[in-house]
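Q: I'm new to this one, so let's go through it piece by piece. Can you put it on screen?

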Amino acid sequence: ATTRGGGGGGGYLPSQALMSSSLSQGADDLGSGGGGGDPAPHALGRAHTQSSQAHSQSQSSDGDAPDGRPAQRGPQQPEEGEWQREQQREREREQLFADDPERVGELASATLEMDALNKEPLVQLLLRAVDQVRQRGLEARGEGGMPVWMGRLLDTLSSSSATYTTRLLVARLVYDLRNLPLEPLEPAGGEAASPAPGTKRLFADHARRWYKPLARLVLESLHANGCFHYLAHDLLQLMGSWPAEAVDEADGELHALLGHVLEKGMLLCNDKRGPVLAENVRTLKLLLGRWAPRLGAKLPLRRLLILKQLKARSKGDEAREVQWRKAALHLLNALLANHLPLADDEAATTIPGGHWTRLMPPGSPALANAPPAASDAYTPVGPTELLDALLSCVKHARKAVYDPAATVLGQALASLGGSAAADKLPACEENVFKYLSELSMSDYTQAGTSRLLVLLDHLSEGYPRLLELR
């Protein structure tokens, strides 16, 4: 059964289903055997938080090491024993929370706090400086009521001349200072007072000016590092906590940045560790739930990315294929639950806002991974292609796929009613009814009957008309 909540376009799928995973981190064989494409590889290592430009230059390439270990993304490889101990710690953390899926956020927090940027002496120095300025009543206000020190951070983050490492440090500071109250609090008993629940937060109050530079940096770092790293997760969670009204409805460049961030996050959210995958998908759902009601069709999301994952094939590794498809189903479910259309606009023959490389600052390390000729051309995905892909997931042998696929297919059918693609509905209804009829007459075993009942239950939850077909 679905968990009610989110948008009015149906309920969200329960994220607990994403907890079980035995995937390896690479994804370079996806799409083989007639699959729908080659989703980008993912290796969730340490955060992409080099303390110097030299670290960036000596960074190893994406993917796994020849012996199957995740490639190290720092300036040097760890010792063999260190890598084994780290793997053992990860297994212990997963086991600790394995029996309680609702605590996945705690697991993610424990893991994500291990951020190399927080070990930089400059970060701790600046955090103490801000604290002292506020406690001593020396905080001057500038344009729009923003503290002067905060304006300087914003200028640095927005500057195309600031180095990538400098902008990463500023973003880390923003996250560490996220809970600062709007007004400094009086110290209590010689110690800094904690803000009461409901206290207005400084960065949330000025979020309108921070959205674009933070979104640009997150997109840049995702492309530069090739994984859904810790800092990106932290910053996206922060942006998802800010008021939706802070997103400027008239800023087309911001809309393009948010769309590209979501798209890249969709490609990189998979992880062999179930709790991390669940947290990544939960973060993307949070952002969709925040931005989609505000922007609607102005939020550009290419359905081709989801289509490729729905049709993913992994030769010799069924677990990987199952996990890719499950993640895609949860993301498509989030789109539909937030009243976004199932398919692309037929007129969308170019990438909204242009290719992501056009949104990067000059000299960005992300451009080193960019294609030599970035084209804005795009072939929109129609409803028939997505409905066919969903039906193929409904026919999948594994319940981990066909169970959520039935729910999402029901939502998809319901979303077509009254839309411009309503003429595609009869043909899809016929295909679904034909498959269910064949299933009911070909498998009389208890397992076959159970599968049929599960499909009927989930399909009809979103699309009750299916039970009336003859």
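Q: Which hand does the crossing of H9 and H11 have?
A: The crossing of H9 and H11 is left-handed, meaning that the near helix is turned anticlockwise from the far one by less than a right angle. The helix names follow DSSP runs numbered from the N terminus (H or I, at least four residues, for helices; E, at least two, for strands).

Q: Hold on, what kind of model is it?
A: This is a predicted model, in which local features need pLDDT of at least 70 and side-chain atom pairs count only at pLDDT 80 or more, while totals for chains, interfaces and linings use all residues. Residues are numbered from 1 along each chain as its sequence is written, and side-chain values use heavy atoms, leaving out hydrogens and water.

Q: OK. At what angle do H9 and H11 pack?
A: H9, residues 230–241, packs against H11, residues 274–295, at about 30 degrees, and their axes are 9 Å apart. The axes are lines fitted to C-alpha atoms, for helices over the stretch in contact, with angles from 0 to 180 degrees between N-to-C directions. H9 and H11 are therefore roughly parallel to each other; the cut-offs are under 35 degrees for roughly parallel, over 145 for roughly antiparallel, 65 to 115 for roughly perpendicular, and oblique for the rest.

Q: Which residues make the contact?
A: On the H9 side they are His-233, Leu-236, Gln-237, Met-239, Gly-240 and Ser-241. H11 brings Glu-279, Thr-283, Leu-286, Leu-287, Arg-290 and Trp-291. Contact means heavy atoms within 4.5 Å.

Q: What about H5 and H8, how do they cross?
A: H5 covers residues 148–158, and its axis comes within 9 Å of that of H8, crossing at roughly 40 degrees. That makes H5 oblique to H8. The crossing of H5 and H8 is left-handed. From H5, the contact takes in Met-150, Leu-153, Leu-154, Leu-157 and Ser-158. H8 supplies Arg-209, Trp-210, Pro-213, Leu-214 and Leu-217.

Q: New topic. How many aromatic pairs are there?
A: The structure holds four aromatic pairs. Rings of Phe, Tyr and Trp (its six-membered ring) pair if their centres lie within 6.5 Å, and planes under 30 degrees apart count as stacked, over 60 as edge-to-face and the rest as tilted. For Tyr-211 and Trp-291, the ring centres are 6.3 Å apart and the planes stand at 70 degrees, so this pair is edge-to-face.

Q: Where in the chain are Tyr-211 and Trp-291?
A: They link distant parts of the chain, 80 residues apart: Tyr-211 is in H8 (residues 207–225) and Trp-291 in H11.

Q: Buried or exposed, the pair of them?
A: Tyr-211 is buried, with a relative accessible area of 0%. Trp-291 is buried as well, at 0%. Buried means under 20% relative accessible area, exposed over 50%, and partly exposed in between (1.4 Å probe, protein chains only).

Q: Which residues do ring pairs link into a cluster?
A: Trp-149, Phe-203 and Trp-210 are linked that way.

Q: Let's zoom out. How many helices and strands are there?
A: The protein chain has 17 helices and zero strands. Of its 470 residues, 50% count as buried. Among contacts between residues at least 6 apart in sequence, 73% join residues at least 24 apart.

Q: How much of H12 is buried?
A: H12, residues 303–310, is mostly covered, with six of its eight residues buried. Those are Arg-303, Leu-305, Ile-306, Leu-307, Gln-309 and Leu-310. The cover over them includes H10 (252–268), H13 and H14.

Q: What does Leu-413 touch?
A: Leu-413 touches Leu-387, Leu-425, Cys-428 and Tyr-463, leaving aside residues up to four places away in sequence. Leu-413 is in H15 (residues 399–416) and is buried, with a relative accessible area of 0%. From Leu-413 to Cys-428 it is 15 residues in sequence and 8.1 Å in space, C-alpha to C-alpha.

Q: And where is Leu-168?
A: Leu-168 is in H6, residues 164–176, and is buried at a relative accessible area of 0%. Leu-168 and Leu-117 are 51 residues apart in sequence, with 8.1 Å between their C-alpha atoms.

Q: Last one: what is the phi of His-339?
A: His-339 has a positive phi of about 65 degrees, although it is not a glycine. Most residues other than glycine have a negative phi. His-339 is in the loop between H13 (318–337) and H14 (383–394), and it is exposed, with a relative accessible area of 56%.
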